[in-house]
Each structure stands twice: as structure tokens, then as C-alpha cells.
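Biologist: I am new to this structure and would like to learn how to read it step by step. Could you take me through the main features, giving the general idea before the particular case?

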Amino acid sequence: MPYATAEERRVVVDRQLHEDVTAQAWAREYRWEQVRARQAAAAKARADAAAAQRAIEEPAGSRAPTVLPAARPARPHRRTSPSTRTWSSRT
């Protein structure tokens, strides 16, 4: 700008400086947004891993007890031969 006045040069320089600073601020904000997103993803991954670890380390006794059916008392086995059987007929 060889024929521009000092005032015109100052206005152009101020405008260019403003554009540069604004672009740098937007770029810096974008980078911080990326950092915050990575930090949030890492925090979620840590929380998920901690929950999985707690599930693995949970003692087996904390589960609900398994209830088995009661055992029937054993009846003595009677050996009978076909010839010793007695049949009764009720009418």
C-alpha cells in the first residue's frame, strides 16, 4: 500500500490482526474441544473397566443361595421273591 495514508494502513493492519487473533482463538478452542472429548472418552473407559473389575472381583458368596430340593429319606429295600409275595383281594 505505497499510496495509502497512515490511517488507512492502520485500519488494514488492525483488521488483519483481528482476523488472525480470531482464527487462532477458534483453532485453540477446537483443540481444547478435542482434548475434552478424549478426556471424557478415557474417563468413560476407566469407569467401564472399573465396573467390569468389580464384577470379576465380586465374592461368590454374595450371590443368592441356591436352594436344592430336600432329600427324601431312604426306604429299606425289601427283597421278595415271586413265591413269597402275598396277594390280597378285597372286594
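Modeller: Let us begin with secondary structure, where a helix is a DSSP run of H or I that spans at least four residues, and a strand is a run of E that spans at least two. Please keep in mind throughout that this is a predicted model. Read in that way, the protein chain has 1 helix and 0 strands.

Biologist: How much of the protein chain counts as buried, and what does its accessible surface come to?

Modeller: A residue is called buried when its relative accessible area is under 20%, and exposed when that value is over 50%, with partly exposed in between. Of the 91 residues in the protein chain, 1% count as buried. The accessible surface comes to about 9400 Å², and carbon and sulfur atoms account for 58% of that area.

Biologist: How many salt bridges are found in the whole structure?

Modeller: The term refers to a side-chain nitrogen of Lys or Arg that lies within 4 Å of a carboxyl oxygen of Asp or Glu. A search of the whole structure on that basis gives 4 salt bridges. One of them joins the side chains of E7 and R10, with an N to O distance of 2.5 Å.

Biologist: Where do E7 and R10 lie, and how many residues apart are they?

Modeller: Both belong to helix 1, which covers residues 6-57, and they are 3 residues apart, or about one turn of the helix. E7 has a relative accessible area of 46% and is therefore partly exposed, while R10, at 43%, also counts as partly exposed.

Biologist: Which residues are linked with R10 in a network of salt bridges?

Modeller: The network links R10 with E7 and D14.

Biologist: What is the distance between the closest N and O atoms in the salt bridge of E29 with R36, and are these two residues buried or partly exposed?

Modeller: The closest N and O atoms of E29 and R36 are 2.8 Å apart. E29 is partly exposed, with a relative accessible area of 39%, and R36 is partly exposed at 41%.

Biologist: Which residue does D48 meet in a salt bridge?

Modeller: The side chain of D48 meets that of K44, at 3.0 Å from N to O. These two residues are 4 apart in helix 1, so about one helical turn separates them. D48 counts as partly exposed at 42% relative accessibility, whereas K44, at 53%, counts as exposed.

Definitions and conventions
Residues numbered from 1 in each chain as written. Predicted model: local features only at pLDDT ≥ 70, side-chain atom pairs only at ≥ 80, totals over all residues. Heavy atoms only, no water. Buried < 20%, exposed > 50% of the residue type's maximum accessible area, 1.4 Å probe, protein only. Areas by Shrake-Rupley, 256 points an atom, 1.4 Å probe, with all protein chains shown as cover.
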